[in-house]
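Work through the exercises below with the sequence and the 3D view at hand, and try each task before you read its solution.

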Amino acid sequence: MKFPTVSDPDHDLVVNETFGPTFQGEGPSTGRYARFIRLFGCHLSCRWCDSAQTHDHTRYDLDAEQRILSVEDILSWLDTGPTGLVVITGGEPLLQPRVVERLACAIRDRGLATDVEIETSGTIAPTDTITSAVTRFNVSPKLAHSGLQRHQRIRPAVLRGFAAGGKAVWKFVAQDPNDLDEIHDLVTAHNLHPVWVMPEGTDSTTVLTRMRLLADPVLARGWHLSTRLHTLLWENDRGR
Ligand code: SF4
């Protein structure tokens, strides 16, 4: 993927879409009133990616999927609605660290969100400024079924950095209970807590079926189970 150049990388974001209000659909904040900023671009290529429009030129017209917005554009949009959770997602948001830093700090300083979450693959370390500005990182290290090579998806030093920062929760995408041993090995090797297991799927039938398969084995390991609330409610509609 060729990442677009912006004239001012401190003030301009390459965005795929902004949407909401909606509900946070995944992880510890599931069900919260939220608005989303989905940034363009990802350096990975998970075979089941649910936001491939941010980077996959074989399936999407990437020129049509990206737009440049300034930090002020985003702040103005956030200022139009009730304050709630703001989720910065992607793609991989940490590919644009300087401007994400400015955005996260500005949201906090202007009181435009009660909380700010960043969703990330855990392969790029956040800056200290980003870490101090956000409430939480929803870090989602990828398993072997992503189709990625291990060295692409697991960066031990980055995982250790997130864990040491104290703001990470670990959200693993699982297809069935056989994936839980692989999660256990990562959790143990890198001291990753708390753990959330989320079913992979982009339709409600798959999500519910996999949640039912995962529920008891996840409970037995003392972990948390996430749904994909937006998928249960609205299937694979974009912008929800
Ligand atoms: S890291 Fe996320 S955005 Fe990137 S390819 Fe994987 S699932 Fe898609």
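Two strands pair if DSSP finds at least two bridges between them, and helices (H or I, at least four residues) and strands (E, at least two) are DSSP runs, numbered from the N terminus. This is a predicted model, in which local features need pLDDT of at least 70, side-chain atom pairs count only at pLDDT 80 or more, and totals for chains, interfaces and linings use all residues. Residues are numbered from 1 along each chain as its sequence is written, while side-chain values use heavy atoms, with hydrogens and water left out.

**Exercise 1.** Describe how strand 5 is joined to strand 6.

*Solution.* Begin with the pairing: strand 5 (residues 113-120) and strand 6 (residues 136-139) run parallel and are joined by 4 bridges. Next, look across at individual residues, where Glu-117 stands opposite Arg-136 in strand 6, and Glu-119 stands opposite Asn-138 in strand 6. Finally, follow the chain, which passes from strand 5 through helix 3 (residues 128-133) to strand 6 in a right-handed β-α-β crossover; right-handed means that, with the strands pointing away from the viewer, the path from the first strand over the helix to the second runs clockwise.

**Exercise 2.** Find the residue in strand 7 that stands opposite Val-139.

*Solution.* Strand 6 pairs with strand 7 in the parallel sense, over 3 bridges. Across this pairing, Val-139 stands opposite Trp-170.

**Exercise 3.** Which strands stand at the edges of the sheet?

*Solution.* Write down the order of the open sheet of 9 strands, 3-1-2-4-5-6-7-8-9, in which the pairing is mixed. Strand 3 (67-70) and strand 9 (224-225) stand at the edges, and because each has a single partner strand, one side of each is left without a neighbour in the sheet.
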